[in-house]
Amino acid sequence: MKKTFFVSAITLIISLSCFSIETVHINLNNKLQKFDGWGVSLSWWAHQVGKNFSDNQLDTLCYWLADKNELNMNVFRYNISGGDNLEHTHMRKDAQVPGYKISEKSDYDWSQDASQRKILLKINALREDAIYEAANYSPPYWMTKSGCTAGDSLGHDNLKEDYYDDFANYLADVVKHYKDEYGIVFQTISPINEPYSNWWKMNGSQEGCYFSQDNQERIIRELYKSMKNRKMLSYSSIAVMDANSIDECVEGFEKYAEKKDILKYIGQINTHSYTGDKRKELSMLAKKYKKRLWQSESGPLNIKLKGLDNFLFMAKRIVTDLNLMQPVSWCDWQYMSGGFGGVWSLVGYKDDNKTFERTKGYYCRKQFSKYIKPGYTIVSNDNENVLTAISPNKKELVVVIVNQDPTVKQFSIELPKFKNEIHIIRTSENEDCILLPNSTYKENGSRIDLESDAKSITTLVIPIS
């Protein structure tokens, strides 16, 4: 009898846990941030595929990336490469992006970097509302102490002491050239990348450069001066510091603020969200000093998950970043990477046979980026797995639910007055942005009830009145 009772109790507990309901309260009056859009770096996939794939293939890849019915991305970070010594062979092949000045005495060679530029121009033709940022990872090799754009021999500051103005002029000249020649306006210039990281060392596999706090501020001042001299401040500003972690960004920006004068040279705060927990603190800093805030680079760095689990992890990071840190733009590091089945890429490719395919990550990202459009406003809710946004005319509510668990979850969503025209889209192990039937949810007074499948992302597009 005791054994029977024990088994029955366990069954009851499991049954109750399986059918527990998570109630989601959405506060439309608590508007968080107006969202400028979703984005991605062009480093370094654009250089690699732009060089090796046909125009028709590139058209397809850019369509998937930027079209409003696909990933709907409109924020793009173009890599102004420093360009390494041509005698060096240590860079990974996709990161061997040429610079525009091969030596100190040479003229600018604007024919360089044709592959990345080809992608940039195709994107520009697709998106009239595109937002561009110019990002640099290292000064040209001839400006560095080590003579190598991968970094200093010990991972220390690598820009020569008397070349800060030269480096600033280099960045400003490239940005001005793209505006004058192609009509592409870079809203921001990011002159440094992960400057506190000590892994930027000579003979590494990619460009990188450490900058101490004082030297970060020095290049900010020099770049501002160069932009002012070229009359660029009316259309471009400086973004910093693209720290590897949110916590580093908070610490670094607080030090900027101590110098008082440096803040007037900064138009935007950039952070990567690979690690760190100080999302709310960074949001408060951005608001306090009235600076636009971007999450400018993220991905599954040092994450051991694979397949769908990996992409669901990144989906949850998006929800957390946008709800707590409240950036106005959220950017992936990689759109494409070599090979199929990778954890970084939304599209995988193979150079040897010139093929490519969308990964599960593509559809996971599309669950957000297609439906939460530029100009929508993120609004608060009380569930850590849910992201909510409202359209500019306040007639459409978007709800994105991330379920990383291996079991079905029940959600009950409290709603304002809504019309019975709800669209529900889901990506799971066996589904890729599938439109679900109306029977998926049930109306229950002022709320709707639905199941979130195991390991899935569910997006609801809800007309409201």
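## Helices, strands and the model

Helices (H or I, at least four residues) and strands (E, at least two residues) are DSSP runs, numbered from the N terminus. Strand S6, for example, covers residues 237–245, and Met241 has its place there. The structure is a predicted model, in which local features need pLDDT of at least 70 and side-chain atom pairs count only at pLDDT 80 or more, while totals for chains, interfaces and linings use all residues. Residues are numbered from 1 along each chain as its sequence is written, and side-chain values use heavy atoms, with hydrogens and water left out.

## Helix H9 and the residues within it

Helix H9 runs over residues 307–325, 19 residues in total, and spans 27 Å from its first C-alpha to its last. This is close to the 27 Å expected at 1.5 Å a residue, where the expected span is 1.5 Å times one less than the number of residues. H9 is mostly covered, since 15 of its 19 residues are buried; buried means under 20% relative accessible area, exposed means over 50%, and partly exposed lies in between (1.4 Å probe, protein chains only).

The side chain of Asp321 makes a polar contact with the side chain of Ser273 at 2.8 Å, and another with the side chain of Trp330 at 2.9 Å. A polar contact is a pair of N or O atoms within 3.5 Å; within protein, one must be able to donate a hydrogen and the other to accept it, and residues adjacent in sequence count only if both atoms are side-chain atoms. If neighbours within four places in sequence are left aside, the residues in contact with Asp321 (heavy atoms within 4.5 Å) include Ile246, Arg279, Gln295 and Pro327.

Lys316 also belongs to helix H9, and at a relative accessible area of 18% Lys316 is buried. Although Lys316 and Val386 are 70 residues apart in sequence, their C-alpha atoms are 8.6 Å apart in space. Apart from neighbours within four places in sequence, Lys316 is in contact with Glu384, Asn385, Val402 and Gln404.

## Backbone features

Most residues other than glycine have a negative phi, and most peptide bonds are trans. Gln326, which comes just after H9, has a positive phi near 60° although Gln326 is a residue other than glycine. Gln326 lies in the loop between H9 and strand S9 (329–332) and counts as buried at 15% relative accessibility. Glu194 likewise has a positive phi, of about 45°, and is not a glycine; Glu194 is found in the loop between strand S5 (186–190) and H6, and is buried with a relative accessible area of 6%.

Two cis peptide bonds can be described here: one joins Ser43 and Trp44, with omega about -20°, and another joins Val240 and Met241, with omega about 0°. Trp44 sits in the loop between strand S2 (37–41) and helix H2 (45–52).

## Pockets and a cavity

On a 1 Å grid over the protein atoms alone, a cavity is a set of points where a 1.4 Å probe fits but cannot get out, and a pocket is an open set with protein on both sides within 12 Å along at least five of seven lines; lining residues have an atom within 4 Å of a point. Grid points are joined across faces, edges and corners, and a volume is the space filled by probe spheres set on the points. The largest pocket holds about 420 Å³ of space. Its lining has 21 residues, and those closest to its centre are Trp44, Arg92, Trp200, Gln206 and Trp333. By class, this lining has 9 nonpolar, 7 polar and 5 charged residues, where Ala, Val, Leu, Ile, Met, Phe, Trp, Tyr, Cys and Pro count as nonpolar, Asp, Glu, Lys and Arg as charged, and the others, Gly among them, as polar.

A search of the whole structure finds 1 cavity of 30 Å³ or more, and the largest cavity has a volume of about 60 Å³. The residues that line the largest cavity include Phe311, Met314, Trp333 and Arg365, and by class its lining has 7 nonpolar, 3 polar and 2 charged residues.
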